[in-house]
Amino acid sequence: MSGIADIPAVERVSAASSKPSLLWLIKEDVGCVRLRDPAARSRFETLLTYPGIHALIWHRAAHRLWTAGWRFPARLLSWFGRFLSNVDIHPGARIGHRFFIDHGACVVIGETAEVGDDVTLYHGVTLGGVSWSPGKRHPTLENGVVVGAGAKILGPITVGSGSRIGANSVVIENVPPDVTVVGIPARVVRPQLSHRRVVGHIDLDHHLMPDPVGDAIEVLLDRVEFLEARLAHLQRRVRDGGGAVRDEQTATEPASHVAQP
């Protein structure tokens, strides 16, 4: 997934060959915003005004402290970042390159969550756990995943690379790569490779999401209309044919059935 077209190839190779520095990761995070948000006009503006970037900067620093064994300072720095940005990312969460939180509000990412490269989250997303047991209890998002606003991805499940999660969906099972899922609980509504590809960019056209509930209601309404029309036709036939049948029965009735004076 192309997300660093504006970064020289030599620098990309150098960063890939060794563990990237904190400054390099932040540079990538800021640089990818213009590719996914038309409202971003410059890196300077993005750095100063995007709360999703602020939350990620604090998390990058806190995660370095966490992995170095400085757990309390990491949690304190994480709390400070949450206080400033309204985004709660546990310092233990592992986040890849060029991560973007659009509108950066009310996002929660748990301790054992893993996020791949070029992932985009919208506001209100939760990567949460469903167990009190220690160990892996939060989801894994592979490369290029897009998660719509308000979606909840719960448990130690995996969302395959390139998949899209519809807004307000609740995902509790593994999601294959390159599909679209929506609903509560989320179900695949667009199979692999059926959504359009955008060369050089991530497909963010949420208005192209299918509406399975609306489609089902439309089918039911069509069926009800058909059954009502059929019932009206049968009622008309009974009403029109019933009188003729009674007249015919009266004409052929035996004379013995006629009352004698």
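These questions and answers go through a predicted model of one protein.

In this predicted model, local features need pLDDT of at least 70 and side-chain atom pairs count only at pLDDT 80 or more, while totals for chains, interfaces and linings use all residues. Residues are numbered from 1 along each chain as its sequence is written, and side-chain values use heavy atoms, leaving out hydrogens and water.

Colleague: How many helices and strands does the protein have?
Modeller: Helices (H or I, at least four residues) and strands (E, at least two) are DSSP runs, numbered from the N terminus. Counted this way, the protein has seven helices and 15 strands.

Colleague: What share of the residues in the protein is buried?
Modeller: Buried means under 20% relative accessible area, exposed over 50%, and partly exposed in between, with a 1.4 Å probe and protein chains only. Of the 261 residues, the buried share is 39%.

Colleague: What is the strand order in the open sheet of four strands?
Modeller: Two strands pair if DSSP finds at least two bridges between them. The pairing in this sheet is parallel, and the order is β2-β5-β8-β11.

Colleague: Which residue in β5 is the bridge partner of I95?
Modeller: Strand β2 (94-95) is an edge strand, pairing on one side only. It pairs with β5 (residues 114-115) in the parallel sense over two bridges. The partner of I95 there is V115.

Colleague: How far does helix α5 reach from its first C-alpha to its last?
Modeller: Helix α5 (residues 51-67) has 17 residues. The expected span is 1.5 Å times one less than the number of residues. For α5 the expected value is 24 Å, and the reach is close to it, at 24 Å.
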